[in-house]
Amino acid sequence: MIADLLGLAGRTALVTGGGNGIARATCLQLAEAGCDVAVVDLDLAAAEGTAAEVRALGRRAVAIARDLTDRAAPRSMVAEAVDALGSISVAVNVCGGTAGVNKPFLDLDVADWQRPMDLNLVSTFLSCQAEAIAMVQAGLAGAIVNVGSSSGMTAAPNLAAYGAANAGIIHFTKTAAVELAPYGIRVNCLVPGTHWSKKTREHATSPDSPPQVRQFFADAATATPLGRLGEPADSAGVALFLASQLSAYLTGHSVVSDGGILHTTARPAFGGQQVPEAIRSWVDGSARPTGPHEGTSA
Ligand SMILES: NC(=O)c1ccc[n+]([C@@H]2O[C@H](COP(=O)([O-])OP(=O)(O)OC[C@H]3O[C@@H](n4cnc5c(N)ncnc54)[C@H](O)[C@@H]3O)[C@@H](O)[C@H]2O)c1
């Protein structure tokens, strides 16, 4: 009954970053809805683990190892998925992350700026391009779901490049949707807030994590109106909706899945208040400007 309502039974999906987190949960929900799934990940063992879980749900699956920061990877991942499973008409581009860049923008060099751009925005753009070409070549209407971040919708202290890359994904989704609409391909964006995943649990609990990073997760949960951080299945459900015919009249839009925190003023900074190295010798961390425009009490 539910599979019929979703219109996903018998279709083939490709999911990037599928070895873990939101993407893994999306693979499993797509399989439960009747899709065969191509699971793409940098980590082949993780992709194979998810593919085995998909098969256990009675669907076909293939694990594909790719580093999606390699600019040739999106075309070849789609080719391998089509070879293995016949075609794709659903794609969920989840691959992304901070690329380990967590510091004030005054301390970023161009390489720091580029890593999150490559992992998030460039990989999403190239994946969408390869997936749409495959769908058009096969004459299939389809649905593409990009995954951004709430850091792309509001200020992202210490994550300037990650925030800008995800704002780019949200905007790129609008253009891709309009350009692909004539071919019957919808493109939408899932925008998660902070979720528990293998990586965020490591950040939250590892003794190697700076205390401000560990504190961020407690503060974020407290500041979230629904009172907790997200679980991967929470946002996978939104991706499933955007891939399904329940959202047949929705394209170019972003759906935020964040427990409501974007509606508050209490969203904490990842890594806390940091004094940039670039100006550390001039300020002590509590300094406020006292020049002619601010801080004067004439
Ligand atoms: N978890 C959060 O708090 C959160 C918040 C907002 C947005 N997001 C976004 O949601 C997405 C998924 O996040 P998550 O926490 O579920 O992920 P995760 O860290 O649990 O999993 C990411 C997966 O991507 C794979 N991967 C990493 N680099 C890759 C590369 N270069 N090529 C191919 N695969 C690669 C990893 O091996 C891993 O399996 C990301 O785009 C992230 O930016 C996550």
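Q: What covers the buried residues of α9 in this predicted model?
A: Let's start with what sits inside. The buried residues of α9 include P232, D234, S235 and A236. Their cover includes one helix and several strands: α2, β1 (12–16), β4 (90–93), β5 (142–147), β6 (185–192) and β7 (254–257).

Q: How many of the twelve residues of α9 are buried?
A: A residue counts as buried if 20 or more other C-beta atoms lie within 10 Å of its own. V238, A239, L240, L242 and A243 are among those that pass in α9. The helix is mostly covered, and the count of buried residues is nine.

Q: How far does α9 reach from its first C-alpha to its last?
A: Helix α9 runs over residues 232–243, which is twelve residues. At 1.5 Å a residue, you'd expect 16 Å. The reach in the model is close to that, at 16 Å.

Q: Which helix do the buried residues of α8 pack against?
A: First, pick out the buried residues of α8: they are F216, F217 and A220. Now look at what those residues pack against, and you'll find α7.

Q: At what angle do α4 and α5 pack?
A: Helix α4 is residues 73–85 and helix α5 is residues 110–138. Their axes lie 8 Å apart, and the crossing is right-handed. The angle is about 35 degrees.

Q: How many residues of the contact of α4 with α5 are nonpolar?
A: On the α4 side you have P74, R75, V78 and V82. From α5 come L126, S127, Q129, A130, E131 and A134. Two of the contact residues are polar and two are charged, while the nonpolar ones number six.

Q: Is E53 buried, partly exposed or exposed?
A: You can find E53 in helix α3 (residues 44–56). To be buried, a residue needs 20 or more other C-beta atoms within 10 Å, and to be exposed it needs 12 or fewer. E53 has 16 such neighbours, so it counts as partly exposed.

Q: Which elements give two or more residues to the shell around the ligand?
A: The ligand has 30 residues around it, and the closest are G17, G21, G96, S149 and S197. That shell divides into eleven nonpolar, 13 polar and six charged residues. The elements that give two or more residues are α2 (21–32) and α7 (198–205).

Notes
Residues numbered from 1 in each chain as written. Predicted model: local features only at pLDDT ≥ 70, side-chain atom pairs only at ≥ 80, totals over all residues. Near = placed C-beta within 6 Å. Helix = DSSP H or I, 4+ residues; strand = E, 2+ residues; numbered from the N terminus. Nonpolar A, V, L, I, M, F, W, Y, C, P; charged D, E, K, R; others polar. Contact = placed C-beta atoms within 7 Å. Axes fitted to C-alpha atoms, helices over the stretch in contact; angles between N-to-C directions. Left-handed = near helix turned anticlockwise from the far one by under 90°. Expected span 1.5 Å × (residues − 1).
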